[in-house]
Amino acid sequence: MTSTATRPRGARARAAIAAKTLRTDRWWFAPLITVVGLTAWVTYATVRVYLHDWYWVEDFHYLTPFYSPCITDRCVEGAAHFGTILPDWWIIPEAAFTLPFLLLFRLTCYYYRKAYYRSFWLSPPACAVPDGHQSYSGETRFPLLGQNLHRYFFYAAVIISLINSWDAVLAFHSPKGFGFGLGNLILIGNVVMLWAYTISCHSCRHIIGGRLKHFSKHPLRYRAWTGVSWLNVRHMQLAWITLGTLALTDFYVMAVAADWIPDLRFIN
Ligand code: FES
């Protein structure tokens with residue numbers, strides 16, 4: 001409790017309220033739905049990554065983003081666009097180089113931090129609701145100090161988005177040469193959303209428009225910063241949308257690769 005001696009001049013003592021919170025709305029709903037959504041997605045992604053199967057559609061060159069780039073000796077011919085440089089050990093995912101960076105990019109993302117601090121750590125679960133912990137050190141100590149590395153994971157995410165874009169381009173394929181089907185629309189939609197999420201990153205916004213004294217002397221950067229800012233205010237929505245498009249893309253490729261459904265072809 002703040003003593004009278006340490007209390008700022010003019011500040012009043014906190015009211016002695018026994019209730020945990022005076023909020024009567026459904027403040028617990030957002031953290032709850034976040035736990036359910038993130039847990040379901042991580043479970044699906046983990047199972048898929050370790051299935052080691054149904055990630056490549058030979059006829060149409062569809063490659064799921066969960067296995068891109070495919071770099072282990074297990075990768076089927078055609079799916080390994082960058083060569084196979086890792087051994088065929090069950091514990092090593094096909095996309096062993098990119099998955100850790102993608103995970104760290106999302107884990108250190110400003111929005112996801114807010115989401116999982118509130119929902120998993122209850123720190124605090126909502127505004128005007130007490131923290132679930134006795135003490136609070138913020139992000140000043142290891143391991144949370146590492147959240148500051150987010151700007152570097154952003155650069156890795158840009159490279160990975162380029163790889164995913166290349167996968168989407170290579171997928172305009174059929175046994176007759178050029179081809180176009182529903183899978184292409186899904187792959188492209190996913191890539192567009194991934195770029196939107198990546199570019200809407202707070203670090204990207206700073207890279208584009210930060211450290212400038214006068215926007216008037218940098219009209220191009222100002223225009224780019226304005227565009228990034230437009231996306232940035234939608235960062236939370238894009239974070240969730242991309243989880244959805246990633247899972248949808250992976251599931252569609254799996255379903256076609258496993259012959260559960262045929263790909264709907266528009267051309268060839
Ligand atoms: S702040 Fe979310 S990806 Fe950078």
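Because the model is predicted, local features require pLDDT of at least 70 and side-chain atom pairs count only at pLDDT 80 or more, whereas totals for chains, interfaces and linings use all residues. Residues are numbered from 1 along each chain as its sequence is written, and side-chain values use heavy atoms, with hydrogens and water left out.

The secondary structure comprises eight helices and four strands, where helices (H or I, at least four residues) and strands (E, at least two) are DSSP runs numbered from the N terminus. In order from the N terminus, the elements follow the pattern α-β-β-α-α-α-β-α-α-α-α-β. Taken along the principal axes, the box filled by the C-alpha atoms is roughly 80 × 50 × 35 Å.

Two packed helices are described by the angle between their axes and the distance between the axes. Here, axes are lines fitted to C-alpha atoms, for helices over the stretch in contact, and angles run from 0 to 180 degrees between N-to-C directions. Angles under 35 degrees count as roughly parallel, over 145 as roughly antiparallel, 65 to 115 as roughly perpendicular and the rest as oblique. A crossing is left-handed if the near helix is turned anticlockwise from the far one by less than a right angle, and right-handed if clockwise. Contact denotes heavy atoms within 4.5 Å. For residue classes, Ala, Val, Leu, Ile, Met, Phe, Trp, Tyr, Cys and Pro count as nonpolar, Asp, Glu, Lys and Arg as charged, and the others, Gly among them, as polar.

The axes of helix 4 and helix 5 come within 10 Å and cross at roughly 165°; the two helices are therefore roughly antiparallel to each other. Their crossing is left-handed. On the helix 4 side, the contact is formed by F154, A157, V158, S161, L162, N164, S165 and A168, which meet N184, L187, I188, V191, L194, W195 and T198 of helix 5. This contact has ten nonpolar, five polar and no charged residues.

Helix 4 also packs against helix 2, at an angle of about 130° and with the axes 9 Å apart. Helix 2 and helix 4 are therefore oblique to each other, and their crossing is left-handed. In this pair, F101, L102, L104 and F105 of helix 2 meet H150, F153, F154, A156, A157 and I160 of helix 4. The contact of helix 2 with helix 4 contains nine nonpolar residues, one polar residue and no charged residues.

Rolling a probe the size of a water molecule over the atoms shows where empty space is left. On a 1 Å grid over the protein atoms alone, a cavity is a set of points where a 1.4 Å probe fits but cannot get out, and a pocket is an open set with protein on both sides within 12 Å along at least five of seven lines; lining residues have an atom within 4 Å of a point. Grid points are joined across faces, edges and corners, and a volume is the space filled by probe spheres set on the points.

The largest cavity has a volume of about 50 Å³ and is lined by L63, P65, N164, D167, A168, L187, N190 and V191. Helix 4 (150–170) and helix 5 (182–199) each supply at least two of its lining residues. The lining of this cavity consists of five nonpolar, two polar and one charged residues.

The largest pocket has a volume of about 790 Å³. Its lining comprises 30 residues, of which W41, V42, L102, L103 and R106 lie nearest its centre. Two or more lining residues come from each of helix 1 (29–49), helix 2 (99–107), helix 3 (110–119), helix 4, helix 5 and helix 8 (235–257). Helix 2 gives the most, with seven residues. By class, the lining of the largest pocket has 25 nonpolar, four polar and one charged residues. The second largest pocket holds about 320 Å³ of space. Of its 14 lining residues, S123, Y136, S137, G138 and L144 are the closest to its centre. Its lining divides into six nonpolar, five polar and three charged residues.

Most residues other than glycine have a negative phi, and most peptide bonds are trans. The peptide bond from S68 to P69 is cis, with omega near -10°, and P69 is found in the loop between strand 2 (62–63) and helix 2. The bond from F142 to P143 is cis, with omega near 5°; P143 is placed in the loop between helix 3 and helix 4. H61, although not a glycine, has a positive phi of about 60° and is found in the loop between strand 1 (56–57) and strand 2.
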